[in-house]
Each structure stands twice: as C-alpha cells, then as structure tokens.
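The following report is meant to be read alongside the sequence and the coordinates.

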Amino acid sequence: MKLLISFFITITFTFASDATIEVIKRIDSLPSLAVEDSSVSYDETLRSRFFKSLIADLNVLSIFNVDRHHRKVNYDAGSVLVENKDMNYVLRYKLSQDDNQALNVEVKMISDDKAVFNKNYKVNNTNVYMFVSHTIAYDINKFMGEAPVEWMKRKVIFSRMVDPQKSELVIADYTLTYQHIVVKGGFNIFPKWANKEQSAFYYTSLDEKKPTLKYVDIKTGKSKVIKSSDGMMVCSDVSDDGSKLLLTMAPEGQPDIYLYDVRTQSSKRLTTFGGIDVGAQFLGKDSIVFVSDRLGYPNIFSKNLNSGSVEQIVYYGKSNSACSVFGQYIVYKARESSESFGNNTFNLHLVSMETDFIRRLTAVGINEFPRFSIDGDALIFIKSYKAQSSIGIIRLNHNKNYLFPLSYGKVQSIDW
Amino acid sequence: MKSIVVSSAIAALLVLSGCGDKDPKVDGSVADSSVEQEVLQDQAAQEVAPVQTETVSSSEAAVMSDSGAQETEGQAMMRIEKELLTIYFDFDKFNIRADMQENLSTDADIAKTKAKDFSIKLEGNCDEWGSDEYNFALGLKRANTVKKSLVAEGVNEGRITMVSFGKSNPVCNDKTRECWAKNRRVDFKLLP
C-alpha cells in the first residue's frame, strides 16, 4: 500500500512539475507587473473591487505577467515594496474622494525606481469606477506602444430575458460589471448600436401588433419607429457610417434579408430563397455574409450584391447559425455534436475569406453571440458551461481567452 | 304562571347575587367577562359571516352583470382559444408531422366555424438549442407552415398574422427531452 501511495505521489509530482515548467516558460516571456494600492478614501469593498477590476483589465491586455497580490503602500513612498522589487513594472494608484463626492484616481507606473508614467483620472459617480480602471489599462497599453485597445473603453448593449415574453435592454462596460437598464418592461430584443459613437441604438419591439424596429437616441432618451414587418423584424448589422442597415424581415411570412437606407427610408430585398435567410453582415463594400438553411441545415454564405452570386463560406460544423464579420475575417458558431437532445457543444471558429484556414477559438460548453470589436482586435461572446454563464473576451492576436462570470439573467442578444 | 316564572327568576337572581357577594369578586368578574367575550364572539361571527358572503357574492354578481355585455365577446374568444390545439414540431424542422395533421384539421375547423369572427395570431416557438436570429426564423417558418395549412383548408389568409418568439417563450424549463419537445410549437391566439 505504502509503495502504491509513494508511486502515485512520485507520478503526481513528476507530471505537476512538467506542467509548471511549461507554464513558467510561457509566462516568463512577458514582462512582470505588480499593482500597489495607496488609496486614502473608501471602504475595503470598493478598494477591493477596484483592485480586482484593474488586475482583470491589465490581464486582458495580454502584455504583462500580472501579479495578483493586493499590497498597500504610501503613494509617495520612494521605492516599491520589497515583495515587488524584482518586478519589471509596478503600477501604483491612489483612490481619493474629493469634496464633491467625485472619485479621483492618481496613477503612476514605476520601473527601475523611476516613475515612467503619470496620470490622474476623475469620475463624478463612484458606481462607474470600472470605466476608470478600463481607461487606465487602455493608457498603459498605449504607453507600452502596443496596438490600441479602443474596445476596452466602449460599451456593450444587450437584451436579457427576465420572464417568458419579458426582457430588458442593458448598457454595460465590456466586462458587464457596470449595468444600466435603458429599456425596461415589455418584450424588447436584438439591440444594435446605431453608430460608431454609440450615441443611439436600434432594437426590436414585440409588444406592437407587428414586430417593430425602433431607434433610441441615448442623449435625448427619445425613441422613434423605423419600420414594422409581420412575422419578424431584426436589425442584423449597421454599416460603418451608419447610413445603411441589414434587416431580416418577413412581410409574407418568409424570413429574408433586406437592405434599408436610413436617409431615404427605402428598403430593398437582397435574398429570395424559400427557406431561412437571416443574420446578414456587411462584407466589404458590395457583399454580405449571412446564415441560410439552403443546404438543409444552417450554414454561413456570402452574396455579392452586384453579381448576385451566392457562395458557401464555411465547410466545417454541423449547424452554423450565427456569425460576425470584420474585414476578411468571419467568426461563426458551430454545433459540434449532433445530439438532438442532450448537452451539445457549440464552439466559435475563425475563418478568413482569403485562406482555407480554420481556427477553433473555444473548447468547451455553449459559446454563442460572437461579436468582433470595432477594430477587429478582440471578440466578445457568451459562454455557458456547467450551469455558469460568463462573458468571454478573446484576444485574437495574443491567442488568449478571458472569462468574466455573469451574475444573473439569460442574454438574448448582444452588440459591442 | 308568568308571575311565578318572573318571581322565581328574580329569586334566583337574588340568590345568585348573594352567592356572588360571598364569592371572591375576581372570580365572578372573570366568569362574567369570559361569558361576555364568548357571546360577543358568537354574535360577531354570526353577524359578520353572512354580511361577508352577501357582499362578496353581490359584488361578484354586479361585476358579471355590469361588464357582461362588453366581455361576452372576449370571454367567448378566450373559450374558443382554449379549444385550439397547439402544433408541435421536430428538432430543427418546420414541416407538419403526420401525428399533428389531425390537430391541424381540428384547428382549421374551429377557425372556420366558432372562431370565424376573430383574427388568428400564430406564435412560433423554439427549444433552447439556439438563441440567435436563425432560431427566430425557425419559429416563424413553423408559424408559416401552419398558416399555409390553414389557408389550404379554407381559412381566409387575411385573418392570420404571425410572430416568432424564438426560445424566449418556453412553456417548460426543465432540461429533458419531453420539455424541449413541448417548446418546439406553434400556439394559436385569437384577436378581436
């Protein structure tokens, strides 16, 4: 028996150390960064939240090996903490509340005992502290000379089911930590940002006699009706300049894709197949990518709007029912098991219009609602695995996935 | 005779009161109060109970008779709506199953007879295996198949509208085969 146990222990240690060597090797290639907290205001709860948020953001940058210890030090202390003296970089920050209850954050980055980066931040409402943390990470990334992470400061809009036929539209930061309900009550789904500035959005209301597309200006809070259609009405994509929309409508009970001109308010039918054509995305100037069941199961196709020719884009996956497009890249959701019932796996895959290369982006669970960031640098998606839902961020160029647990509610649709 | 009863009663009272004087007052008062309470409770119970039932039943009657004229159509609509049978579908399919043909014929008959004065709204639904636009479209195609069948059986096309709820209107939330099968359906709703 003793022999058996010692044998197992030997095996465990041998393999464990092997795995560790592998990990250390990978981590060592990135510069190390520790974070020091010098906060003078606020309770431990907020201090701890801010620290966690900043650590998460710095991790998502994927350019540092971030130390997760929450250590405290005086902001003006001449040198970094003893524990951090071997770090390549130390980021020190101080949270303080001023007389107007605003949250002030002073930040400096120290390298070789010298402050190499200094900046102060301020927000009037403590509840939006995570946006300060995202902005700090954005600035650090810029300071390090990396490609900009514009998406980190952008907002996410999503619809959440609260009951059968009841939903709410929520605006959030990219980690979904900050959540503000913009449309409450009723059955409102498929929200979509109306422009790059994220100053307005479209959504589908199912409370009217017919499914209706509405437009909301966030600054004025005013909403207006864009168009109605029997059966179905979804805004699937907005052109870069916001002047054209790709809609799914079904005036005759037949779901097809339409191009809608915001200025002239006219729409043109783009697909005429008798089955299902939905979820269109702009691809370049004169093509679209969409989901169709023209082969008997949902798959991804492209259509050239000038020639009218339709081409199958994806040759892998049993049922590919959602996609997102950036430049020549398409990410799609594929069902990887053919169980009619039971726990199917849905993974995200990346393909390029120019090569035959397919890259699987997720490994387990149900991964859905893929959306490219505005610069194509990152992907957002929802993962459901073992009764836990998370929002996922994939850094395509860094080959890294990050997950932030979701507190409650089923996400119906998401836009970034 | 009466005087005998009265006098004996007075005598009894005198005797009793005399006894009361001898007995500790506390006891007597306690006995009295307890009796009073009981009587009061009994009286209250007897009085309140009929008032309540009368009030409730009369108000119910009033509601019925007041809005009866307006509600008749709505009530009839709801009654007929319950008679319309839900049509169920196979996984990822929108064709009418053989075993659903009979339900559909029943629905078409009701639509042409009892429900002929109402519009029909077909609500397409899906199971939880899908969450995107495709799923909404699948729900809509299911509704559309039902619509075509109804039209083929003689129901006026102009009376029928459709909507799809995707997976967002489940009747069953368990993670079982039976449950998912129940959610892949087209429901009938009547509109005035």
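## Domains, strands and contacts

The centres of domain 2 of chain A and domain 3 of chain A, taken over C-alpha atoms, are separated by 35 Å. The coordinates come from a predicted model, and the domain assignment of chain A gives domain 1 as residues 1-29, domain 2 as 31-146 and domain 3 as 157-415. Where domains 2 and 3 of chain A touch, the contact takes nine residues from domain 2 and nine residues from domain 3. On the side of domain 2 of chain A that touches domain 3, helix 2 (44-61) and helix 3 (129-143) of chain A each supply at least two residues, and helix 2 of chain A gives the most, with four residues. By class, this side of domain 2 of chain A has five nonpolar and four polar residues, and no charged residues.

| Strand of chain A | Partner strand of chain A | Bridges |
|---|---|---|
| strand 11 (residues 200-205) | strand 12 (residues 212-217) | six bridges |
| strand 12 | strand 13 (residues 223-228) | five bridges |
| strand 16 (residues 256-261) | strand 17 | three bridges |

Strand 11 of chain A is joined to strand 12 of chain A by a hairpin through six residues, and within this pairing A:Thr204 stands opposite A:Leu213 in strand 12 of chain A. Strand 12 of chain A also forms a hairpin with strand 13 of chain A, which has five residues between the strands and in which A:Gly221 takes a positive phi near 75°.

Where strand 16 of chain A meets strand 17 of chain A, A:Tyr258 has A:Arg269 in strand 17 as its bridge partner.

Between the chains, 28 residues of chain A are in contact with 24 residues of chain B. The elements that give two or more residues to the side of chain A that touches chain B are strand 14 (233-238), strand 18 (277-283) and strand 22 (319-326) of chain A. The residues on this side of chain A divide into 14 nonpolar, twelve polar and two charged.

Within chain B, helix 3 (residues 101-112) and helix 4 (residues 133-152) pack at an angle of about 60°, with their axes 10 Å apart. Helix 3 and helix 4 of chain B are therefore oblique to each other, and helix 3 of chain B passes helix 4 of chain B in a right-handed crossing. From helix 3 of chain B the contact uses B:Leu104, B:Asp107, B:Ala108 and B:Ala111, while helix 4 of chain B contributes B:Val146, B:Ser149 and B:Leu150. The residues of this contact between helix 3 and helix 4 of chain B divide into five nonpolar, one polar and one charged.

Technical notes: Residues numbered from 1 in each chain as written. Chains lettered and ligands numbered in written order. Predicted model: local features only at pLDDT ≥ 70, side-chain atom pairs only at ≥ 80, totals over all residues. Axes fitted to C-alpha atoms, helices over the stretch in contact; angles between N-to-C directions. Parallel < 35°, antiparallel > 145°, perpendicular 65-115°, else oblique. Left-handed = near helix turned anticlockwise from the far one by under 90°. Contact = placed C-beta atoms within 7 Å. Nonpolar A, V, L, I, M, F, W, Y, C, P; charged D, E, K, R; others polar. Pairing = 2+ DSSP bridges. Domains from an automatic or database assignment.
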